[in-house]
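Please open the structure in your viewer and keep the selection tool at hand. This tour goes from one selection to the next, and says at each stop what is to be found there.

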Amino acid sequence: MAQVRAKKYLGQHFLRDMEVAHRIAGSLELTERACVLEIGPGTGVLTQFLLNNDNINLAAVEIDTESIEFLNTNYPELRLVNADFLKIDVSTIFPDKFNIIGNLPYNISSQIFFKILENRDRIPQAVCMIQKEVAERMAAVHGNKTYGILSVLMQAFYSIDYLFTVHEHVFDPPPKVKSAVIRLTRNNVNKLGCDEQLFKAVVKTAFNQRRKTLRNSLKPLVGKENPIYADPLFDKRPEQLSVSAFVDLTNRIEIAIRD
């Protein structure tokens, strides 16, 4: 590991605990051989367990040149792509369905999840280690104070399981916060039943002023005097609404702003 320096600008914290790595690798639920893309393999601590799984056709995407040199030397059998996951066309790696796994950089984890969402019909499962606070937010149910934008948008298309907490001391260098491993499993929703772009706008606008009622927070979208505000639904705050309730709200707003 001494050959690869953790770089702050890349948000690197290399996992060094083999037991944790083995547990993460085992969190992928595969019933048959499947394609798996590891994001940011770093020094290969997780990679080695994935390579040893006969059910996995593994590829990895890595942006750090030091890591790439290390991985090519120590895991020559690994199909390694030198690229930024956020910028690459993932169909050039796996043209069909594939799963995702990785110890994600904290600073871009939300962007990675939004890219997963964009490719949701090709990504049936993702197992990711992220900041504990973000993991709790993603898995939170409505009515919980940590429930927010990421919760609603991801839960619209994925079931999310908070698997386990990972402490700081298993990383080099240790992060200042705890981490957690979550599993995303694609649900059966193909169409939301509303305008998806408007749905995103409603969710984001509502939670941008999460302490306010929907009547106040949604004025930028709906206007100040719209008759729709007479509905008791607008007395609620955004964290009180389930995904299906946000779908219903989006349909109501579409009619209100169209009329």
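This is a predicted model: local features need pLDDT of at least 70, side-chain atom pairs count only at pLDDT 80 or more; totals for chains, interfaces and linings use all residues.

**Stop 1**

**Stop 1: strand S3 and its two partners**

Select S3, residues 56-62, a strand that is mostly covered, since six of its seven residues are buried. How many bridges link S3 with strand S2? S2, residues 34-39, pairs with S3 in the parallel sense over six bridges. Two places to look along this pairing are Cys 35, whose bridge partner in S3 is Asn 57, and Glu 38, which stands opposite Ala 60 in S3.

Next, select strand S4, residues 79-82, which runs parallel to S3 and is joined to S3 by four bridges. Here Val 61 has Val 81 in S4 as its bridge partner, while Glu 62 stands opposite Asn 82 in S4.

**Stop 2: helix H3**

Select helix H3, residues 65-74, which together with S3 and S4 makes a right-handed β-α-β unit. Colour Ser 67, Ile 68, Phe 70 and Leu 71, the buried residues of H3. Seen down the axis of H3, these buried residues fall within an arc of 165 degrees, so they line one face of the helix. Among the elements that cover them are strand S1 (14-15), S3 and S4. On the other side of H3 you will come to Thr 65, Glu 69 and Thr 73, which are exposed.

**Stop 3: helix H5**

Return to H5, residues 132-139, and select its buried residues, which are Val 134, Ala 135 and Met 138. When you look down the axis of H5, they fall within an arc of 100 degrees, so they line one face of the helix. The buried residues of H5 pack against helix H4 (109-118), strand S6 (125-131), helix H6 (149-155), strand S7 (158-166) and strand S9 (179-186).

**Stop 4: the nonpolar cores**

Met 138 is also one of the residues with the most contacts inside the largest nonpolar core, a core of 60 residues; the others are Ile 100, Phe 113, Phe 199, Phe 246 and Leu 249. A second, separate core has 26 residues, including Val 20, Leu 28, Phe 164 and Phe 171. As a general background, nonpolar side chains in soluble globular proteins tend to be buried together.

Centre the view on Leu 249, and, leaving aside its neighbours within four places in sequence, you will find Leu 249 in contact with Val 202, Leu 214, Leu 218, Leu 233, Phe 234 and Leu 241.

**Stop 5: two single residues**

Select Val 243, which lies in helix H10, residues 243-258. Is Val 243 buried or exposed? Val 243 counts as buried, because its relative accessibility is 17% and the cut-off for buried is under 20%. Apart from neighbours within four places in sequence, Val 243 is in contact with Tyr 147, Val 152, Gln 155, Ala 156 and Phe 199. Finally, select Thr 213 in the loop between helix H7 (196-208) and helix H8 (214-217). Thr 213 is buried, with a relative accessible area of 16%, and, not counting residues up to four places away in sequence, it touches Phe 234, Asp 235, Lys 236 and Arg 237.

Definitions and conventions. Residues are numbered from 1 along each chain as its sequence is written. Side-chain values use heavy atoms; hydrogens and water are left out. Buried means under 20% relative accessible area, exposed over 50%, partly exposed in between (1.4 Å probe, protein chains only). The arc is that of the directions from the helix axis to the C-beta atoms. Contact means heavy atoms within 4.5 Å. A nonpolar core is a set of buried Ala, Val, Leu, Ile, Met, Phe, Trp, Tyr and Cys residues joined through side-chain atoms within 4.5 Å. Two strands pair if DSSP finds at least two bridges between them. A crossover is right-handed if, with the strands pointing away from the viewer, the path from the first strand over the helix to the second runs clockwise.
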